[in-house]
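Please find below a colleague's note on the structure under review.

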Amino acid sequence: LPPDVRDTLRRFEAAGDFTHPAYLAAVDVFYHHFLCRLDPWPEELAESVGGLADNQVYATMNGPNEFIVTGNLKDWDRIDRLGEIRVPTLITVGRYDELTPACAATLRDGIAGSRMVVFEQSAHLSHQEETDAYLDTLRGFLRRVEGRG
């Protein structure tokens with residue numbers, strides 16, 4: 001993110017002010033870089049993201065937003081159990097994803113025989129940002145799993 005956006009996020013987070021318009025504008029910059037790079041966003045995404053501020057389930061599980069994790073998932077970690085997954089697994093990640101390709105590689109490395117695909121023009125929502133490539137990838141994976149390809 002640009003330095004001024006990072007500084008804005010840090011300043012308001014330090015103050016615990018997650019609703020200030022300048023903070024929300026900085027969060028929006030993050031989302032447009034790392035969540036979805038489409039312009040405009042699909043209507044359902046805009047509606048979903050717009051509802052996070054008042055979502056009690058999200059707040060309980062995660063915290064006030066993507067950056068401040070204070071919820072009951074804060075210390076949740078199952079990396080050491082990834083090896084228990086014994087079914088064909090496709091891991092998809094966007095090049096600009098908030099869950100970075102390096103983080104997705106942790107999943108791939110922990111799940112024997114898994115396959116990871118990086119969508120080069122996407123952030124977190126490659127199924128919407130690169131729909132055709134995503135569906136081709138998914139169809140190919142399912143054909144291989146089903147023994148048809």
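1. The model is predicted. The points below should be read on that basis.

2. Helix α1 spans residues 3-15 and helix α2 spans residues 21-34. Their axes come within 9 Å and cross at roughly 130°. The crossing of the two helices, α1 and α2, is left-handed.

3. Which residues form the contact between α1 and α2? On the α1 side they are V5, T8, L9, F12 and E13, and on the α2 side A22, Y23, A26, V27 and V29. Sorted by class, eight residues of this contact are nonpolar, one is polar and one is charged.

4. T137 belongs to helix α7, which covers residues 131-145. Is T137 buried or exposed? T137 has a relative accessible area of 15% and therefore counts as buried, the cut-off being under 20%. The T137 side chain reaches the backbone oxygen of A133 at 2.8 Å. Leaving aside residues up to four places away in sequence, T137 touches L90, R115, V117 and F119.

5. S126 is located in helix α6, residues 126-129. S126 has a relative accessibility of 4%, so this residue is buried as well. With residues up to four places away in sequence again not counted, S126 touches F119, T131 and Y134.

Technical notes. Residues numbered from 1 in each chain as written. Predicted model: local features only at pLDDT ≥ 70, side-chain atom pairs only at ≥ 80, totals over all residues. Heavy atoms only, no water. Axes fitted to C-alpha atoms, helices over the stretch in contact; angles between N-to-C directions. Helix = DSSP H or I, 4+ residues; strand = E, 2+ residues; numbered from the N terminus. Left-handed = near helix turned anticlockwise from the far one by under 90°. Contact = heavy atoms within 4.5 Å. Nonpolar A, V, L, I, M, F, W, Y, C, P; charged D, E, K, R; others polar. Buried < 20%, exposed > 50% of the residue type's maximum accessible area, 1.4 Å probe, protein only. Polar contact = N/O pair within 3.5 Å; in protein donor to acceptor, adjacent residues only side chain to side chain.
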